[in-house]
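This report describes a ligand site and the pocket around it. The sequence and model are shown first.

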Amino acid sequence: MRKLIAGMKVSVDGKMEGPEQVADWVEAWSEDYGLTPQIDACLLGGGMYSGYEQYWTGIQNEPDKSAWITGSAPTPAEREWARFIGQTPHYVLSRTVTSSLWPNTSFVRSIEQVAALKQQPGKDIYLVGGARTTASLIDAGLVDELRLIVYPLIAGEAKALFATTERRRGLELRKVQQLQNGRVSLIYGSKGAR
Ligand SMILES: NC(=O)c1ccc[n+]([C@@H]2O[C@H](COP(=O)([O-])OP(=O)(O)OC[C@H]3O[C@@H](n4cnc5c(N)ncnc54)[C@H](OP(=O)(O)O)[C@@H]3O)[C@@H](O)[C@H]2O)c1
């Protein structure tokens, strides 16, 4: 069965975005979890999808121009990710969002449809976010692995990644790696994922 793997960039106090609804401590939104070779689909929540589409469409269309959110020129890794996702199926978990600009985007309406997606043949699926979607899919036992990049910052007043999590769940630490600029990569396996 395909694995569903969540990747999130968080502060030390577990925040995934600031009061302006942006994690302004993140300098680039490339896929920095080492997942690209093993995935062939992305899953996102309805809350973040339009911003994600807007950000990456901008980089696909104008790869040399400062990107919205970071305010900087896209990094080589961001350009590479923009190319990769242009050819990769995207699934949006939402009961209300019905349209997308990208032809490779389709919709899943329930947890059961996410479970069915995992049963389809293919490579693993990258759960891009956001917070409520990640929390609800972990609660449902559908997330096999959680990859966090922890930034050296206490974000304070900001939105917590696990603010809406309802159930306790044990995790198994699989890998720890120190990254540049004081960041730490943590990979956890989720015990009891289905
Ligand atoms: N720090 C990071 O690495 C990182 C990564 C990605 C995103 N983000 C941030 O995440 C923010 C968005 O997070 P968010 O929590 O506001 O929204 P979200 O998780 O992207 O989307 C929440 C929506 O997803 C749908 N959904 C979630 N669980 C569902 C379920 N079990 N069944 C059916 N639908 C479900 C619902 O859509 P409907 O209401 O339409 O039904 C819900 O309103 C963005 O602003 C972005 O900045 C941060």
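## Ligand contacts

A polar side-chain atom of Glu17 lies 2.5 Å from an oxygen atom of the ligand. Arg95 places a polar backbone atom 2.8 Å from a ligand oxygen, and a backbone N or O atom of Gly130 is 3.1 Å from an oxygen atom of the ligand. The protein buries 85% of the 940 Å² that the ligand exposes when taken alone (accessible areas by the Shrake-Rupley method with a 1.4 Å probe; for residues, only the protein chains shown count as cover).

The model is predicted: local features need pLDDT of at least 70 and side-chain atom pairs count only at pLDDT 80 or more, while totals for chains, interfaces and linings use all residues. Residues are numbered from 1 along each chain as its sequence is written, and side-chain values use heavy atoms, with hydrogens and water left out.

## The shell around the ligand

There are 24 residues around the ligand, of which Lys9, Glu17, Ser94, Thr96 and Thr133 come nearest (a residue is near a molecule if one of its heavy atoms lies within 4 Å of it). By class, the shell holds 8 nonpolar, 10 polar and 6 charged residues (Ala, Val, Leu, Ile, Met, Phe, Trp, Tyr, Cys and Pro count as nonpolar, Asp, Glu, Lys and Arg as charged, the others, Gly among them, as polar).

At least two shell residues each come from β1 (4–11), β2 (15–17), α1 (46–61), β6 (124–129) and α4 (131–139). Helix α4 gives the largest share, 4 residues (helices are DSSP runs of H or I with at least four residues, strands are runs of E with at least two, numbered from the N terminus).

## The largest pocket

The ligand sits in the largest pocket (more than half of its atoms lie within 2 Å of the grid points). A pocket is an open set of points on a 1 Å grid over the protein atoms alone, where a 1.4 Å probe fits, with protein on both sides within 12 Å along at least five of seven lines; lining residues have an atom within 4 Å of a point.

The volume of the largest pocket is about 1,100 Å³ (the space filled by probe spheres set on the points, which are joined across faces, edges and corners). Its lining has 42 residues, and Gly47, Met48, Gly129, Gly130 and Ala131 are the closest to its centre. The largest share of the lining, 8 residues, comes from α1. The lining comprises 19 nonpolar, 15 polar and 8 charged residues.

## Thr57 in helix α1

Thr57 belongs to helix α1. Its side chain makes a polar contact with the side chain of Trp102 at 2.9 Å (a pair of N or O atoms within 3.5 Å; within protein, one must be able to donate a hydrogen and the other to accept it, and residues adjacent in sequence count only if both atoms are side-chain atoms).
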